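Dear colleague,

Here is the structure I promised to hand over, and below it I have set out what was found. Please keep it open beside this message while you read.

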Amino acid sequence: MSTALPVSILAVTTVVPDVAAVEAAYATQFGYRVVERGGVDAELARAWDAPATAGRPALVLAPASGEPVYLRFVEAPATQGAAPLRTLGWNATEILVEDPDALAERLRDSPFRIVGAPRNLQFNPKVRAMQVLGPAGELLYLTRIPPGGSLFDLGSARSFVDRTFIVVVGGRSMPAMQAFYRDVLGLPVTDARPSRVEVLNDAWGFGDEHQIPLAIAPLPKNFLVELDEYPSVAPPRPARTGELPPGMAIVTFAARSLDGLRARPLTGPSPLPGLPYDGRRTVLLRGGAGELVELVETM
């Protein structure tokens, strides 16, 4: 088994047509602040196996809580056919919030579009969540977990809109996704269980009661990866040569070690400057659904 056990999510990188519009929306509605901005340098573009991103505008946002879990946005021309939940790879970012109902009121007449009104979760009524599309069409789950209300020790929001705590990947093969997170990353992975995902049913035109196989790969504390099995006809995310995939492109994890990794990385290991790397060794991997996974060594 790999010794590169991820211990936390460090960042979610999303490719958008206009980083200025994203910055304004997340600052105004979510209280996020810019902690780094500038063009993507050539070294980072190479580490992403995406040389065409060099020089592209980018910014890194942090929640008002000060938690070191970042949202990074990279600017690139819009790509057709890259709607959330309709293609393979990373598809949703779930963020802790204090009050989904109050947040829903704030988001009315804003760049965020509510696609799932706040409601208590069927399997855990203590948890209340809503779903929105952001200013670039990115899918966000916004969730309140009361203290002690989590089944996986995921914590609670410490600001009105706080940190990412779950990332959702969709693939055609549940066994392939489970194998990557279990055998390559060394995470425990649950058995897949039939689950009803309303936003996925809406995206594919399924009936309200349609269920998909869903599994969980929990990190030691505060974070987890959700694995959703998509229809066999789900296509790969369309991406231009030398570019990152559009939309939710990369999830970056802190890892205890990069030694003994049971997969050949696309790039690295190499030290990278800036957030969230801070000069630490980093590798880029491709997961079981084609998703891009960064590991940043913390030991």
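The side chains of R108 and E105 meet in a salt bridge, with 3.2 Å from N to O, where a salt bridge is a side-chain nitrogen of Lys or Arg within 4 Å of a carboxyl oxygen of Asp or Glu. This is a predicted model, in which local features need pLDDT of at least 70 and side-chain atom pairs count only at pLDDT 80 or more, while totals for chains, interfaces and linings use all residues. Residues are numbered from 1 along each chain as its sequence is written, and side-chain values use heavy atoms, with hydrogens and water left out.

In that pair, R108 is partly exposed at 47% relative accessible area, whereas E105 counts as exposed at 51%; here buried means under 20% relative accessible area, exposed means over 50%, and partly exposed lies in between, with a 1.4 Å probe and protein chains only. Side chains of opposite charge can pair when their charged atoms come close.

A search of the whole structure finds twelve salt bridges, and another one of them joins R182 to D183 at 2.9 Å, N to O. Both partners are partly exposed, R182 with 35% and D183 with 34%.

R196 and E209 also form a salt bridge, their closest N and O atoms being 3.8 Å apart. This pair links distant parts of the chain, since R196 is in the loop between β10 (193-195) and α5 (198-204) and E209 is in the loop between α5 and β11, 13 residues apart; helices (H or I, at least four residues) and strands (E, at least two) are DSSP runs, numbered from the N terminus. R196 is partly exposed at 31%, while E209 is exposed at 61%, and both belong to a network of salt bridges that also links R119 and E198.

The backbone deserves a look as well. D109, which is not a glycine, has a positive phi of about 60°; D109 lies in the loop between α3 (100-107) and β6 (113-120) and is exposed at 87% relative accessibility. N222, also a residue other than glycine, has a positive phi near 80°, and N222 is found in the loop between β11 (212-218) and β12 (224-229).

Finally, there are cis peptide bonds to find: the bond from G268 to P269 has omega near 10°, with P269 in strand β14 (residues 267-271), and the bond from L275 to P276 has omega near 0°, with P276 in the loop between β14 and β15 (281-286).
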